[in-house]
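Here is a walk through one protein chain, taken a piece at a time. Have the model open and follow along.

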Amino acid sequence: MTRFDERLDRIVARSEELQAQLAEGLSGAEFGQASREFAELDPIVGKVNALRATQKALTETEALLADPEMRALAESEVEDLRRRIPALEQEIRIAMLPRDEADERSAILEIRPAAGGDEAALFAAELFGAYQRYADQRGWRFEVLEYDESELGGLREGIANITGRGVFARLKYESGVHRVQRVPATESQGRIHTSTVTVAVLPEAEEVDVEINDGDLRIDVYRASGAGGQHVNKTESAVRITHMPSGIVVAMQEEKSQHKNRAKAMKILRARLYERNRAAAHESRAADRRSQVGTGDRSERIRTYNFPQGRVTDHRIGLTLYKIDKVMTGELDEFVDALTQEEQAALLALDEE
């Protein structure tokens, strides 16, 4: 028996043990923990059962090869079964990989222009819209928390809460520097300009995930202002929250209600603190895969959008798509799927060492 088969036996045995415990009537925290573990193992056990049924069918079909009357039919079936077994084994190996506990969560999306002035702000607005359309395509809820529009219709800062199952797993690879190359509308000589936009995707955090003491917060209120500096209301509805131990500052003025702005600011603050804690806890894992799909850090250039050539290139995996118009309408799955597969391959390689 191989080491792989031994691991599968242990998984099946543990699943059966948990099922028996749940049937006996656990309660409280023990029931919750056992239920979660069983739910994680059950899909793997289903794949293991499919693998073993296929292996059994292969053994039985190979026995028919000795029968002259059945040989032709058996040869075709044996060939098909032999192809299916490695595919099932690979599915199981991927299912057994350590999961990011945040993968199933909703996410906070933050977009800001970096280098490039007005052109960067204009592209930031377009990119914000692309993610909104991607969320719509997948049936997620896209709630704008902050949208600070510039005088020319660009975006100084955009923050959204994207709600749905598995949002973070799909969007986490978008964190980093996005570079755009094109001729700005204001360029009279037809020269191509290069601008950059930063994107951050943070897993949404619940209150139980991060402990925030009121005494650690400095909360300032002020009048909200819009593009050009004009006041959009006459009351002090805007809120700025400073988390003094970390130095994280969150400002919110999207709502006319100070209470609503404070609630949104706290949501963003929790997400940033949660991600900060996650980053520290998973630094060793990040180091292991840094050369594969990158760190996801906002200082890292991850993608270039070249409008004159109609191409979008992801530098982490060397994937170029000549469909920039479709990408900007939210068709991001080719990049997301390729990045997911690359990370899985990197983790499988580490698992086999």
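Start with helix H2, which runs over residues 28–63. Its 36 residues span 52 Å from the first C-alpha to the last, close to the 52 Å you'd expect at 1.5 Å a residue. Bear in mind as you look that this is a predicted model. H2 does have a bend of about 30° at Asp42, with a proline, Pro43, following within four residues.

Now look at which side chains of H2 are tucked away. The buried ones are Ala34, Phe38, Leu41, Ile44, Val45, Val48, Leu51, Thr54, Leu58 and Thr61. Their cover includes helix H1 (3–24) and helix H3 (71–96).

Is Thr61 buried or exposed? Its relative accessible area is 11%, and the cut-off for buried is under 20%, so Thr61 counts as buried. Leaving aside residues up to four places away in sequence, Thr61 touches Ala74, Glu77, Val78 and Leu81. Thr61 and Glu75 are 14 residues apart in sequence, with 8.3 Å between their C-alpha atoms.

Next, the nonpolar cores. The largest one has 53 residues, and within it Ile111, Leu127 and Leu269 touch the most other members. Helix H4 (residues 117–137) gives the most to this core, with eight residues. The core also draws on two domains, taking at least three residues from each of domain 2 (107–207 + 295–352) and domain 3 (214–283). A second, separate core has 19 residues, including Ile11, Ile44, Val48 and Ile92.

His243 has 8% relative accessibility, under the 20% cut-off, so it counts as buried. Beyond four places in sequence, His243 touches Ile212, Asp216, Leu217, Ile248, Leu269 and Leu273.

For another setting, go to Arg301 in strand S9 (residues 301–306). Arg301 has a relative accessibility of 41%, which lies between the 20% and 50% cut-offs, so this residue counts as partly exposed. Apart from residues up to four places away in sequence, Arg301 touches Val177, Arg179 and His315. Arg301 and Val197 are 104 residues apart in sequence but 9.5 Å apart in space, C-alpha to C-alpha.

Finally, step back to the whole chain. It has nine helices and 11 strands, and buried residues make up 41% of its 353 residues. Among contacts between residues at least 6 apart in sequence, 61% join residues at least 24 apart. The chain exposes about 18900 Å², with carbon and sulfur atoms supplying 47% of that area.

How values were computed. Residues numbered from 1 in each chain as written. Predicted model: local features only at pLDDT ≥ 70, side-chain atom pairs only at ≥ 80, totals over all residues. Heavy atoms only, no water. Core = buried A, V, L, I, M, F, W, Y, C linked by side-chain atoms within 4.5 Å. Buried < 20%, exposed > 50% of the residue type's maximum accessible area, 1.4 Å probe, protein only. Helix = DSSP H or I, 4+ residues; strand = E, 2+ residues; numbered from the N terminus. Domains from an automatic or database assignment. Contact = heavy atoms within 4.5 Å. Areas by Shrake-Rupley, 256 points an atom, 1.4 Å probe, with all protein chains shown as cover. Expected span 1.5 Å × (residues − 1). Bend = angle between axes of the 7 residues up to and from the residue.
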